[in-house]
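Here is a short report on one protein model. Please look at the sequence and structure first, then read on.

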Amino acid sequence: MGLLNLPSSKNRHSRQLRILDLVTAVLFGGVLIFFLLVFTKLGDSWAESGRRTLLRSDPRQRWKLISEILVGRRVPEIDVCPAEMVDHLPCEDPRISSQLSRDMNYYRERHCPPREDTPLCLIPPPDGYKIPVQWPESLQKIWHDNMPYNKIADRKGHQGWMKEEGPYFVFPGGGTMFPGGAHQYIEKLKQYIPIAGGTLRTALDMGCGVASFGGYMLQENILTLSFAPRDSHKAQIQFALERGIPAFVAMLGTRVLPFPAYAFDLVHCSRCLIPFTAYSSAYFLEVDRLLRPGGFLVISGPPVQWPKQDKEWSDLQAVARTLCYDLIAVDGNTAIWKKPVSASCLLTQNEFRIEFCDESDDPNVAWYTKLRKCVTRTSSVAGTYAIGAIPKWPERLMIAPSRGSLIKLGGKMFEEDNRRWKRKIAYYKNTLNIKLGTPSIRNVMDMNAFFGGFAAALASDPVWVMNVVPPHKPSSLDIIFDRGLIGVYHDWCEPFSTYPRTYDLIHVSSIGSLGGDSESRANRCNLVDLMMEINRILRPYGTVIIRDAPPVILKVDRIARAMRWRSSIHKSEAEPYGMEKILVATKTLLKNPSF
């Protein structure tokens, strides 16, 4: 009979010790994780990340938070976004664009994510953010910590774009085609173009860099709207806006730019590298749509008398001749054309096979509109709008443009709109103590501009105003440009094409109408998302003025508190007869969650 091989008491004791060690390690690890989650920022970060992931992945949770903000018994505070979202542009997100076609720069155009994929969180400022340098000093320097990106300074400093000096980025005023400074370059252009005297007022600068050209054109009373894509330079438009220069993010790709026909008196390209004659000359034809009859086109840099680009330069001249443009001068690598004042001109026999657009085409339609490959007919746009036929600046500001006659009772409405906004601005300044007219406010937006009366009433203040006309509203942006003001079409159910912390003051009348459908009267987007976008593009300590009916203002006030704004509700200047209330709010400075 064999003996049983039983484990010794020593082996049993050793195994018990190992189990005890394992249990102790698990308990210690649990305590450590608990400590990290409760007493460190790591826990906050994990919790916020989990919540944002939930909001993105489960639309029901997102809508639950929105409902709590709007109608809940307690107004919840909205979380701060992670630090990597500090410069978030929802519709120009490299994570989206990198997956798209590069044909005609389609990937650099606007591509907005679905709302349910957008986290409901507040964009933080960068660490060390300061109140921006005030205008006009900001034209020359800005705080480095407000956008600590040295790439342009390192690459373009030798061309006078910008450089780092102590706590600042400084801007000598140069550019790739004018390293001696924008002022010197503008003096050269004055030899050929009537820049002084008010003949020209609105200009478009394409591929603008840090917008020194537009900044120095302001000294000539020419209001230049600059644009560039979010590209390898990354923050060029952000620098322009921090300097107090009108600018926004855009790309000339497969769609027309969001402006009406014949909006600009001058179109400028300084090494913008736009292939004007490619794709059946579509880009030159888009410039022609935007340029006012009698206006000027300036192209500096390639392909103008550029080495190894003889064919491109020859083709560019040929396209301009086909549209009857007058080549005024070729000064080095700068070419200047004048567009004909008379009716649209097109040589019937041309090598590019360019034709007129159909009579039924409305050239003012420019929101997500495919690029036209035809010549816009002046006969398609009623009214008087050619250079020389419209009043000079500043007279044109207060004279009803003839294009306004297209709106029923347009002339009478225009005059009344001017009187009304003069009263409102006085009320804002004198009763509500808004700091309009002081150096504290430079970059201003009117989200529902109509005739631009708000901006016109501020013409003597040291501000510039981005006038926004929603595409589902009456088409009045052409009137705004005829007045010598600037603006864009934009649908507020989508994020705006600008960086966070762009504007010092944002104004909106009838905010409740911006997300509605004019025909069905159904809401296409919700008020919380709209207010979150306002928060994204408003600077810390910036001001918001919102006018609407009392029930809407009460909702807006709840959202403002959820976004941690300081807000107050006021009667309108028309009380006791008015039906509006006014919300005035200030955005607070949030702490970056990574610091």
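D482 and R403 meet through their side chains in a salt bridge of 2.8 Å, N to O. The term salt bridge stands for a side-chain nitrogen of Lys or Arg within 4 Å of a carboxyl oxygen of Asp or Glu. D482 sits in helix α13 (residues 477-482) and R403 in the loop between β10 and α11, so the pair ties together parts 79 residues apart in sequence. D482 is buried at 5% relative accessibility, and R403 is buried at 1%. Salt bridges with shared partners join D265, R292, R396, R403 and D482 into one network.

The model is predicted: local features need pLDDT of at least 70, side-chain atom pairs count only at pLDDT 80 or more, and totals for chains, interfaces and linings use all residues. Residues are numbered from 1 along each chain as its sequence is written, and side-chain values use heavy atoms, leaving out hydrogens and water.

D265 and R396 form another salt bridge, at 3.1 Å, N to O. D265 lies in strand β7 (residues 264-270) and R396 in the loop between β10 (334-338) and α11 (410-430), so this pair ties together parts 131 residues apart in sequence. D265 is buried at 0% relative accessibility; R396 is buried at 2%. Here buried means under 20% relative accessible area, exposed over 50%, and partly exposed in between (1.4 Å probe, protein chains only).

## A partly exposed pair

The structure holds 31 salt bridges. One of them joins the side chains of D145 and K130 at 3.5 Å, N to O. D145 counts as partly exposed at 30% relative accessibility. K130 is also partly exposed, at 30%.

## The seven-stranded sheet

Seven strands form an open sheet in the order β13-β12-β11-β14-β15-β17-β16, with mixed pairing. β13 (487-489) and β16 (566-571) stand at the edges with a single partner strand each, so one side of each has no neighbour in the sheet. Strands are DSSP runs of E, at least two residues; helices are runs of H or I, at least four; both are numbered from the N terminus. Two strands pair if DSSP finds at least two bridges between them.

β11 (residues 443-446) pairs with β14 (residues 503-509) in the parallel sense over three bridges. D446 stands opposite H507 in β14.

## D529 in helix α14

D529 lies in helix α14 and is buried, with a relative accessible area of 3%. D529 touches R62, R115 and L120, not counting residues up to four places away in sequence. Contact means heavy atoms within 4.5 Å.
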